[in-house]
Amino acid sequence: MVELQPSKLVMWVRSPSPAPRYYFLPYVLPSPEPERYDAAMRLGLVFNPFSYKLHEENLKIVQRFFGLFPPLSLAWVAGIAERAGHEVTIVDARTLGLSREATLTRLREFKPDIIGFMMTTYMFRETLDWIRYLKQHLKVPVVVGGYNLRVYPRESVMPEEIDFGVVEHAYHTLPGLLEELEGGRRFAVVPGLVYKEGGRVVVTPHDLEIDFDKFPNPARHLLPNERYAEFPTERRNFTVMVTSLGCPRRCLFCEAGGTRYAPRSPATVVAEMEECYTRYGVREIDIFDYEFPCLRARTLEICRLLREKAMDLEWACRARVDSVDEILLAEMKAAGCRRIYYGLESGSQEILDRVNKGVTLGRIEDTIRMTKELGIRPLGFFLIGAPGETRDTVRQTLRFAKRLDLDYVQFSKTLAKPLTPLWRRLVEETGYDYWREYILGNVEEQVLARPWTGLTNGEVDRLARRAYLSYHMRPSFLLRSARRVRSFSEFKRKFLALYEMVFNQEPTSMRDDAFTAYADNAIALPH
């Protein structure tokens, strides 16, 4: 249906979580509004917590402190259902720290006719456990959506506890499903629906056009907005946004590469930001688009409208180094942009070329310099274990990152995520799809092979940890970071992250069923 994390992160638009670096957001085309239905259903949506997995792309400590993000996917689904006249609740059990039993209590009070979940490929089994428990007690149908349905629609509804799946967008599918549940139960007429009939799995056509600009805003009134934060957060309330779908670039490691770019209009984007500001007390927004400044004219118009509104609002975004220039950066700064997360990937030109990044080291240095000079803090995403990676190229990347002197860096372990070119190549070469077998329950959770590099998986883990410590423990970096801290809550979060990386991050990642994301809600951040 629609992370960051961020947030990806599919309408369910795939929301940022749990490692909000990449989020799959498919392209959508114009179409009429879905009609309202007279019959009202009660839809309960659940965002369950999840443990640390062996196949994660982040180190465990990075994952723990990266942030608690609103389940934007479910909030968008809720907005779609409410617009169609239905009643909705969202139980963000992950952020609120709720057990299955406490979540069941809340749902029983709401009395849902149907319950819904976002199914990510990585966390499929844990979400399925929650579905089994809640359905056993509530005795109502279950609908799932999200990124995993895009990749494995039939496999995702194989478990007997799952009744329906939304293949791509909830925009037409969810209102149609709720209408049929209330009335004729003619599920074959619902576009983009997966369901079971007569012992077989049926997938209905999902080619209806939609216009992303006509989507309702996410139903943030159903979320605990005061509880969300990401690692660099400095102000509350904090939220995330998605203002465009898809990405026309074709990076080897990204699941969105080559998908059509579909942005919401500047007026719609700024209207949502204003709603966040006035209705929900938001003072900091992280825009989780793959490439926010992809269209220069659109970005300039958003900035102009934001300056007109003159809100006390700060925001961050993700960008390529070749999508911005000095004029655009200056306009973004004047409109409230305070941080830009750049996908830098490597300090080796050979590695950049191998992953089809399409930029040079020189361009990276020029853009980071301009960003700093204009008063925006640059943050960088790097890969460890990319195609052709060696210990020497990792050292080059670390030296390059230090030379750039970014405000924060993330060293992710390169992973063959579903729908990426790396994944397609791996499946083609081996004839084996780990993710599909994992969804079907045919294989134990494991670390995926990285045949494109001579580094072992253990070496990738150790090199990533070493890079984090080497970069962030420099005295100059620590002093600058300490001077910029704006609250005790922020200081505590960043101090604990460093402490745990030093003392608690194992050399080789291990599964952790007791894993919980860090929450710093005891002490409020400044407004």
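**Aromatic pairs and charges over rings**

Me: Is Y171 buried or exposed?
Reply: The model is predicted. Under 20% relative accessible area counts as buried. Y171 has a relative accessible area of 1%, so this residue is buried.

Me: How many aromatic pairs are there?
Reply: Two rings pair if their centres lie within 6.5 Å. By this rule, the number of aromatic pairs is 25.

Me: Which class of pair do the rings of Y171 and F215 form?
Reply: Planes under 30 degrees apart count as stacked. The ring centres of Y171 and F215 are 4.6 Å apart and the planes stand at 25°, so the pair is stacked.

Me: How many residues apart in sequence are the parts that Y171 and F215 tie together?
Reply: Y171 belongs to helix α8 (residues 170-182). F215 is in the loop between β8 (200-203) and β9 (229-230). The pair therefore ties together parts whose separation in sequence, in residues, is 44.

Me: Is F215 buried or exposed?
Reply: The cut-off for buried is under 20% relative accessible area. F215 has 3%, so this residue is buried.

Me: What is the angle between the planes of F187 and Y195?
Reply: F187 is buried, and so is Y195. Their rings form a tilted aromatic pair, 5.8 Å centre to centre, and the angle between the planes is 55°.

Me: Where does the charged end of R264 sit?
Reply: A charge sits over a ring if CZ of Arg is within 6 Å of the ring centre and within 35 degrees of the ring normal. The charged end of R264 is 5.0 Å from a ring centre, over the ring of F212.

Note on methods:
Residues numbered from 1 in each chain as written. Predicted model: local features only at pLDDT ≥ 70, side-chain atom pairs only at ≥ 80, totals over all residues. Heavy atoms only, no water. Phe/Tyr/Trp six-rings, centres within 6.5 Å; stacked < 30°, edge-to-face > 60°. Helix = DSSP H or I, 4+ residues; strand = E, 2+ residues; numbered from the N terminus. Buried < 20%, exposed > 50% of the residue type's maximum accessible area, 1.4 Å probe, protein only.
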